[in-house]
Amino acid sequence: MVGNWSEERALRDATGEGRTLPQRHLPRSCLLKDFTRAATASTRRTDDTFERCYGPNRSTTYVPMSKTIGAGEEDLTGESRIALQLQADGRVERVGMRRVLDEAAMQEVAEEHVYREEEVQNAQAQQRAFATTTGSHFQKPDYRKTEHPAFLRKSHRNELMTGRPVDRSRTLLNAGLDVQTNVHYSVAEPITHMRMSLADPRARNDLKVSPSSGIHAFGKNAEFSKPIGEFLRGLHKDEELDVMDQTLRSTEPVRSLSGTKPHAKAFISMPALTTVKETIQRSIRQTWGGHGFVTLRHRLCDRADDEGFISREDAISVLRVDLGLSSAAVPDAVLEVYLEQHLTMKKDELRVNSLMSSLRPTLPQRTKRLILQAFRALVQDSGTVRAGDLFGWITDAELQRVMVDALGGEDEASVYDLPLNEQVFTELFSDLAVLMDIDQLLD
């Protein structure tokens, strides 16, 4: 830089002209005190050291000579613009219209051929083949033609080693074991040992928990450990804590939030399986009333085989045609995905019991205990309940008619001597408990 200045001074002394523009001093206007202040803009032409040293700035693209030679009319560097009349590319079609149409038609035929092959491959993937020696030489017998043995062989090994089995009704007294399948997983309380122990009076004293005065059952309550100066519930801490203890005696320690959607507003619009179940349950209540799940099971069993399997198309027909579930309420894609989750044993058939258990909310522990007590009150020596005894216990005429239809009879006399085991008895009342209160009926 100093050399450039000395050379410029020598040129001006010798010839009177230099290579740079003469400049005058620009006052900084107190810029030394305020370095954030910008200088006044000027439009006069000034000297550019880079342009003087390196020449004028030209945005030229570097192109090797191997590409420049023989390039023709193409402007590789962008320096000299060629007239559009000389550039035929883009204005003159190189391919005729007939060839364009032929290629489009061939593309459509090729895509259709590929789609057909993919459909065949998908159909083959959906088929299950049990090509085994047992399957080719033996056939599953019809369970209706099997004969039960006259003398049962029963081992009492577990009873001899561990004692008599515990009564199942003891576990039905614990509300901490409730599992609600119709509640969104983000608001459902998981089953833990702490929650189960908190609901059991015999195990509650072994827990170290704070008083459950908040939303969460195991939320920390710091009112006991606060100093008196920071206690804000009242002037007398001991009296206020006694009042809080008295109010907690009437609260439910194992309470849980409910809802088929997450409570967070950021995720409330996300699709969920519980929302689909809620829509189907609402449609069942509006179409068939309080006995809707019994009617739905009856419609599904009418189209099922002897083993309780129904095809996916028949299940969709029952929900769409018989129930009247519209595509606007539950789209076809959502319903297909929901039913595909139940295709476990066969590719195109699902169990009626698994579908009903999924659609139906899980019964509370208290209701399950009432159903078990009612079965034990009506059970006979054969271990089953006669349907006639159940009809004598139920006085509602409409409910009796629905139960006759569910058992596959025309009137009470046709199903009077029909035996009902514990599973059928529980499933029947579980279907009724969804849309009506059966606690008074069982009490």
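Colleague: Leaving aside its neighbours within four places in sequence, which residues is L390 in contact with?
Modeller: In this predicted model, L390 is in contact with L378, M403, L420, F425, L428 and F429, once neighbours within four places in sequence are set aside.

Colleague: Which residues have the most contacts inside the largest nonpolar core?
Modeller: They are L390, F425 and F429, and the core itself has 26 residues.

Colleague: What other core lies apart from it?
Modeller: There is another core of 25 residues, and V276, Y338, L343 and V352 are among them.

Colleague: Let us change topic. How many salt bridges does the structure hold?
Modeller: The structure holds 12 salt bridges. One of them joins the side chains of R116 and E112, at 2.8 Å from N to O.

Colleague: Where do R116 and E112 lie?
Modeller: Both belong to helix α4 (residues 97-126), where they are 4 residues apart, or about one turn of the helix.

Colleague: Is R116 buried or exposed?
Modeller: R116 has a relative accessible area of 53%, so it counts as exposed, the cut-off being over 50%.

Colleague: Which residue forms a salt bridge with R312?
Modeller: The partner of R312 is D348, and their closest N and O atoms are 3.5 Å apart. This pair links distant parts of the chain, 36 residues apart: R312 is in helix α11 (residues 312-322), while D348 is in the loop between α12 (332-340) and β2 (349-351).

Colleague: Is R312 buried or exposed?
Modeller: R312 is buried, because its relative accessible area is 13% and buried means under 20%. D348, by contrast, is partly exposed, with a value of 36%.

Colleague: What about R320, with which residue does it form a salt bridge?
Modeller: R320 pairs with D332, with the closest N and O atoms 2.7 Å apart. That pair also links distant parts of the chain, since R320 is in helix α11 and D332 in helix α12, 12 residues apart. R320 is buried, with a relative accessible area of 17%, whereas D332 is partly exposed at 45%.

Technical notes
Residues numbered from 1 in each chain as written. Predicted model: local features only at pLDDT ≥ 70, side-chain atom pairs only at ≥ 80, totals over all residues. Heavy atoms only, no water. Salt bridge = Lys/Arg side-chain N within 4 Å of Asp/Glu carboxyl O. Helix = DSSP H or I, 4+ residues; strand = E, 2+ residues; numbered from the N terminus. Buried < 20%, exposed > 50% of the residue type's maximum accessible area, 1.4 Å probe, protein only. Core = buried A, V, L, I, M, F, W, Y, C linked by side-chain atoms within 4.5 Å. Contact = heavy atoms within 4.5 Å.
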